[in-house]
Amino acid sequence: MGIQNLIKLLADVAPQAIKETDIKTYFGRRIAVDASMCLYQFLIAVRNESGQLTSTDGETTSHLLGTFYRTIRLVENGIKPVYVFDGKPPDLKSGELNKRQERRVEAQKALDKATEAGDAAEMDKFNRRLVKVTKQHAEEVKQLLSLMGIPYIDAPCEAEAQCAAMVKAGKVFATATEDMDALTFGSKVLIRHMTFSEARKMPIQEIYLDKVLQGLNLKQEEFVDLCILLGCDYTDSIRGIGPKRAMELIEKHKNIESILKNIDKEKYPPPENWNYESAKSLFVNPEITDPETIELKWSDPDEEGMVKFLCTDKQFNEDRVRNGCKKLLKARGSSTQGRLDGFFKVLSTTPAKRKNEEKKNTPNKRGKTGGQGKRRGK
């Protein structure tokens, strides 16, 4: 779920924080990808008329097909993806997970009714609501990524928290996910729609945390409280308080503690035994692996290994798999040049300092040969 209505609030109040861009702008960038979110997308989007794509023995392959082709697209555009998988969900998430299970039960009842009525549109709608990423899906994708030469990380807890920590540490440029709580965890840059199909023609959204805070006129700790008020995965929110009211309350009172002291609890009843403090602590100090201990390495694909796994075991088309391997190899070769801004060091931005640099590097006209100033940059 992420943070309810946050993207809409930002579009209204801090539109300068959201930038629409093209995938080509990320050439040479390392991007941490929320793997579970991607697999969910692929299981919903990569389908045939009867639902999920499957092998001849009935095993689902939509997640593998989506990962294979979307990852090739990223690499062809010079991106260095690293997939981050969820670990054990935090105890605070149990309420949200129970709600999701209840919604699946209701969706199953609705699907049964639609099936009995022969309503194809309703059947497809409720089939999508029943999609769930399983441990087997994740393990198969990890195997595929290893064969493709793409690194992945098993987060100890929430993938978005691990991605955010890697962005803050400078290990990667941004977090690619649809869940807005990557910002709440402190990711400096959030990228949405990066792994969408080209056919959907959805521009990539790039959201900068510093511009979010500037546009909302909030500090990070105040922003975390706002996100909890809007609604997150870890605790209930105050009934009757929508995005606009939540923003007004945070602007006026700065934190949830002060809000609780000042609001009309008859009109806006807080949840019983509200554990917002624990949710706040989870956002501020999440369970992560220290990014400094993580080594990211991209390597050449194992073509024969992929053919065996995808073609022999999963009945993929061999020509297409081998063609995909060739694309990966070609893209790896062309992306090694990196980004220009990684090669050059920016000197002074002030006229006075720039003048001093030019004076220092001007050849000595009195000398016979003239001293050449040192070249700057890497």
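This is a predicted model: local features need pLDDT of at least 70, side-chain atom pairs count only at pLDDT 80 or more; totals for chains, interfaces and linings use all residues.
1. Helix H14 is followed by Gln 315, a residue with a positive phi near 60°. H14 itself spans residues 303–313, and its buried residues are Gly 305, Met 306, Val 307, Phe 309, Leu 310 and Cys 311.

2. H14 packs against helix H6, which covers residues 135–148; the two axes are 9 Å apart and the angle between them is about 155°. An angle over 145 degrees counts as roughly antiparallel, and H6 is therefore roughly antiparallel to H14. The handedness of this crossing is left-handed. On the H6 side the contact is made by Glu 140, Gln 143, Leu 144, Leu 147 and Met 148, and on the H14 side by Gly 305, Met 306, Phe 309 and Leu 310. Sorted by class, the contact of H6 with H14 contains 6 nonpolar residues, 2 polar residues and 1 charged residue.

3. H2 passes H3 in a right-handed crossing. Leu 39, Phe 42 and Leu 43 of H2 meet Ser 62, His 63, Gly 66, Thr 67 and Arg 70 of H3. The class composition of the contact between H2 and H3 is 3 nonpolar, 4 polar and 1 charged residues.

4. Of its 11 residues, 9 are buried, so H2 is largely enclosed by the rest of the structure. The buried residues of H2 are Ala 35, Ser 36, Met 37, Cys 38, Leu 39, Gln 41, Phe 42, Leu 43 and Ile 44. Leu 39, Phe 42 and Leu 43 belong to this buried set and also to the contact with H3. At the start of H2, a side-chain oxygen of Asp 34 comes to within 3.5 Å of the backbone nitrogen of Ser 36.

5. Gln 41 is located in H2 and, with a relative accessibility of 12%, counts as buried. The side chain of Gln 41 is joined to that of Thr 195 by a polar contact of 2.9 Å. Both partners are buried, given the 12% of Gln 41 and the relative accessible area of 6% for Thr 195.

6. Thr 195 is placed in the loop between strand E8 (189–192) and strand E9 (204–208). Leaving aside residues up to four places away in sequence, Thr 195 touches Val 33, Cys 38, Gln 41, Phe 42, Arg 70 and Leu 74. Cys 38, Gln 41 and Phe 42 are buried residues of H2, while Arg 70 of H3 takes part in the contact between H2 and H3. Thr 195 and Tyr 69 are 126 residues apart along the chain, and their C-alpha atoms are separated by 9.9 Å.

7. Two further residues have a positive phi without being glycine. Most residues other than glycine have a negative phi. Asn 5 has a phi near 65° and is found in the segment before helix H1 (6–13). With a relative accessible area of 40%, Asn 5 is partly exposed. Lys 254 has a phi of about 75° and is found in the loop between H11 and helix H12 (256–262). The relative accessibility of Lys 254 is 35%, and it counts as partly exposed.

8. Arg 245 lies in helix H11, residues 243–253. This residue is partly exposed, at a relative accessible area of 31%. From C-alpha to C-alpha, Arg 245 and Leu 229 are 9.5 Å apart, with a sequence separation of 16 residues.

9. Finally, the protein as a whole. Its secondary structure comes to 16 helices and 9 strands. The protein has 378 residues, of which buried residues make up 45%. Among contacts between residues at least 6 apart in sequence, 70% join residues at least 24 apart.

Terms used:
Residues are numbered from 1 along each chain as its sequence is written. Side-chain values use heavy atoms; hydrogens and water are left out. A crossing is left-handed if the near helix is turned anticlockwise from the far one by less than a right angle, and right-handed if clockwise. Helices (H or I, at least four residues) and strands (E, at least two) are DSSP runs, numbered from the N terminus. Contact means heavy atoms within 4.5 Å. Ala, Val, Leu, Ile, Met, Phe, Trp, Tyr, Cys and Pro count as nonpolar, Asp, Glu, Lys and Arg as charged, and the others, Gly among them, as polar. Buried means under 20% relative accessible area, exposed over 50%, partly exposed in between (1.4 Å probe, protein chains only). A polar contact is a pair of N or O atoms within 3.5 Å; within protein, one must be able to donate a hydrogen and the other to accept it, and residues adjacent in sequence count only if both atoms are side-chain atoms. Axes are lines fitted to C-alpha atoms, for helices over the stretch in contact, and angles run from 0 to 180 degrees between N-to-C directions. Angles under 35 degrees count as roughly parallel, over 145 as roughly antiparallel, 65 to 115 as roughly perpendicular and the rest as oblique.
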